[in-house]
Amino acid sequence: MKCKYRCSNDIKKGKKIKLEKKGSAAEFTYTVCYNDYQTLVSNYDKIYDRINIALTLCGAVLIILLNNIKFDPLKIWSTFSMLEKISVGIYFTLILASATLMVVAVIKLLLLSRSNTLLSFNSNCITNDNLFEKSAKDAAELVTRQYIVVINDTYDKVNQKQKSFNTSIVFMVISVLAYAASVIILNLGLK
């Protein structure tokens, strides 16, 4: 996973974030934000594990699917009745749809396997903003604000990647179902 370390725009532009005097909640929220960030990064990494498994499975299914396409019915096309010709047409439509969907799923999974740049908390902000000179509450509040920016960015990327992964899995399942239907049509319609 590639992480791009940078501060939020407010600190990057040199703006001072106004720290409001609050109770001790700043130190508590820092811990909550840090744990939330760790959970999001863990979920992001787990998506990659699932992508690798699905990609392997898709590749194997695609090889099996392509090796089991039967072109024999085309050789004796002229001897078929109208019902058999319709069955062959449906078979080839389903098998081509199945192969196409599986190829699309593989391509989507390959694209998903590329890593996104994640916004991450840059501890250099602590030095740049002289947090050592501030009170613990003020420092915790500033760091918490940074984590909130990072969490929102990471959350969006995790959701986007999960949605794309789910779409790829749907394509894969539809492809397998279309392949199963084509085998049934071939076995029932031509025998």
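1. Basis. Residues are numbered from 1 along each chain as its sequence is written, and side-chain values use heavy atoms, with hydrogens and water left out. As the model is predicted, local features need pLDDT of at least 70 and side-chain atom pairs count only at pLDDT 80 or more, while totals for chains, interfaces and linings use all residues.

2. Main core. The largest nonpolar core has 17 residues, of which Ile51, Cys58, Leu109 and Phe165 touch the most other members. Two or more residues come from each of α2 (25-67), α4 and α6 (136-189), and α2 gives the most, with eight. A core here is a set of buried Ala, Val, Leu, Ile, Met, Phe, Trp, Tyr and Cys residues joined through side-chain atoms within 4.5 Å. Helices are DSSP runs (H or I, at least four residues), numbered from the N terminus.

3. Isoleucine 51. Not counting residues up to four places away in sequence, Ile51 touches Leu109, Leu112, Ser113 and Phe165; contact means heavy atoms within 4.5 Å.

4. Another core, of nine residues, lies apart from the largest one; Cys33, Leu40, Leu119 and Ile151 are among its members.

5. Serine 98. This residue lies in helix α4 (residues 82-112) and is buried, with a relative accessible area of 0%. Buried means under 20%, exposed over 50%, and partly exposed in between (1.4 Å probe, protein chains only). Beyond its neighbours within four places in sequence, serine 98 is in contact with Leu65, Ser175, Ala178 and Tyr179.

6. Leucine 74. Leucine 74 lies in helix α3 (residues 72-75) and is partly exposed, at 45% relative accessible area.
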